[in-house]
Amino acid sequence: MLSRLHSHPYPRQFWLMFAGMLISTTGASMIWPFLMIYASEKLSLPLGTVTLLMTLSSFMGLMSSFIAGPIVDRLGRKWAMAVSLLINGGGYLLLSRAETLPAFALAMAVNGTFNPIYRVGADAMLADLIPPQWRTNAYALMRMSNNVGVALGPAIGGFIASRSYGIAFYCAAAGLATYGLLVLLFARETLPQGAPEPQSEPLGGYGQVLSDRLYRAFLVAFTLNQMVAALIWVLLSAHVKRAYGISESLYGWLPTTNALMVVFFQYGVSKITQRYEPRRMMALGAFLYGLATLGIAFSTTYWAFWTCMVVMTIGELIIVPTSSTFAANLAPAHMRGRYMSLYGLTWGVSAGISPLVGGNLYEWLGARAMWLGGTLVGSLSSLLFLRMRQRIPAEVTETAAGL
């Protein structure tokens, strides 16, 4: 595998991003899988109320995402990434000191506001650095880096958090700050020079993006898939602890399983999936997310939940690099920030809606209703991906996607 990687045009800065992603994700993932547990216990509030914090964070991210694209396209990728990472590290320090709901809300608002700026900058920088024919593999490698961190973080963080949440928060802050400094000191700016700037476009330059019919259809379908992902990642830890007494230290191995599967199988899966029509692959991935929530609805033991995580992860291995490449390949060079901004916005919208609705379904109708709702949304996402093929001529899709 290493010989194949060396034959690809991955510049030194790509590996800087690869290493930085590993460092920052290891730190952040020591705390994020357990954040709803921590806030719920710290504030002694119902889960449906605590999920409002996630909604606030997502709302701020939603607002931020609209300005992140123009910022990244006009001012550059490097400074946007560095500032975002450093301020997000500060947000975790605020969370470690939070004692009241307003204090939690402030810290979540900070992280929600600045997180999309890094994500949009990094996606645009990667597209700047990597030729289209290698982007699927490049996004797969970045996901491998991310998931090595996710493999290490929850397993270590679950052990640490069960004894001291404060240390886990400090590790998250340190990881993000370290990556921010690496970008600041060693990365070069990759913003393409001389490309036309759509300053006369409405909606801050998003008019051209929103006029892309194929991209609009893609965003709707992918947002629904992200809603299922947000339901699992935000609420599963609280669900298994409340209903079945599964502790943070034991639950931590579920996201670790997810991460290890990505580390060991993502590159190989991407080599296979890129041979097929991308919308079919995204439909398959979305279907597996819905299947995972169906399994969660009827699971009662740790190993049943673990199996559902495996099913969801297979869907993730298929859909995430495919969707990232699909979005990047549709974007003109001078519009990459805006295209990737709306792509990243799908998580902000999903994380704002899905945990809030799911948490209230949990309180009103029980856990099974929440997870069955996720199954319906995942199935709809899969159908919409398939519907894209019927509504958009295949030759247009293939040309736009760079196939």
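Guide: Contact means heavy atoms within 4.5 Å of each other. This is a predicted model, in which local features need pLDDT of at least 70 and side-chain atom pairs count only at pLDDT 80 or more, while totals for chains, interfaces and linings use all residues. Residues are numbered from 1 along each chain as its sequence is written, and side-chain values use heavy atoms, with hydrogens and water left out.

Visitor: Leaving aside its neighbours within four places in sequence, with which residues is Ser237 in contact?

Guide: Ser237 belongs to helix α10 (helices, H or I of at least four residues, and strands, E of at least two, are DSSP runs numbered from the N terminus). Its relative accessible area is 1%, so Ser237 is buried (buried is under 20% relative accessible area, exposed over 50%, partly exposed in between, with a 1.4 Å probe and protein chains only). Once neighbours within four places in sequence are set aside, Ser237 is in contact with Pro33, Ile37 and Tyr251.

Visitor: Is Ala172 buried or exposed?

Guide: Ala172 is placed in helix α8. Apart from neighbours within four places in sequence, Ala172 is in contact with Gly27, Ala28, Ile31 and Tyr92. Because its relative accessibility is 0%, Ala172 counts as buried.

Visitor: Which residue does the side chain of Thr190 join through a polar contact of 2.8 Å?

Guide: Thr190 sits in the loop between α8 (165-186) and α9 (207-210), and its relative accessibility of 9% is why Thr190 counts as buried. Beyond four places in sequence, the residues in contact with Thr190 are Gln13, Arg77, Met125, Asp128 and Leu129. A polar contact is a pair of N or O atoms within 3.5 Å; within protein, one must be able to donate a hydrogen and the other to accept it, and residues adjacent in sequence count only if both atoms are side-chain atoms. The side chain of Thr190 makes such a contact, at 2.8 Å, with that of Asp128.

Visitor: How far apart are the end C-alpha atoms of helix α7?

Guide: Helix α7 is mostly covered, with 22 of its 27 residues buried. The expected span of a helix is 1.5 Å times one less than its number of residues. For the 27 residues of α7 (residues 135-161) this rule gives 39 Å, which agrees with an end-to-end C-alpha separation of 37 Å.

Visitor: Which helix gives the most to the lining of the second largest pocket?

Guide: The second largest pocket has about 160 Å³ of space. Two or more lining residues come from each of α10, α15 (336-365) and α16 (367-391). With 5 residues, the greatest contributor is α15.

How values were computed. On a 1 Å grid over the protein atoms alone, a cavity is a set of points where a 1.4 Å probe fits but cannot get out, and a pocket is an open set with protein on both sides within 12 Å along at least five of seven lines; lining residues have an atom within 4 Å of a point. Grid points are joined across faces, edges and corners, and a volume is the space filled by probe spheres set on the points.
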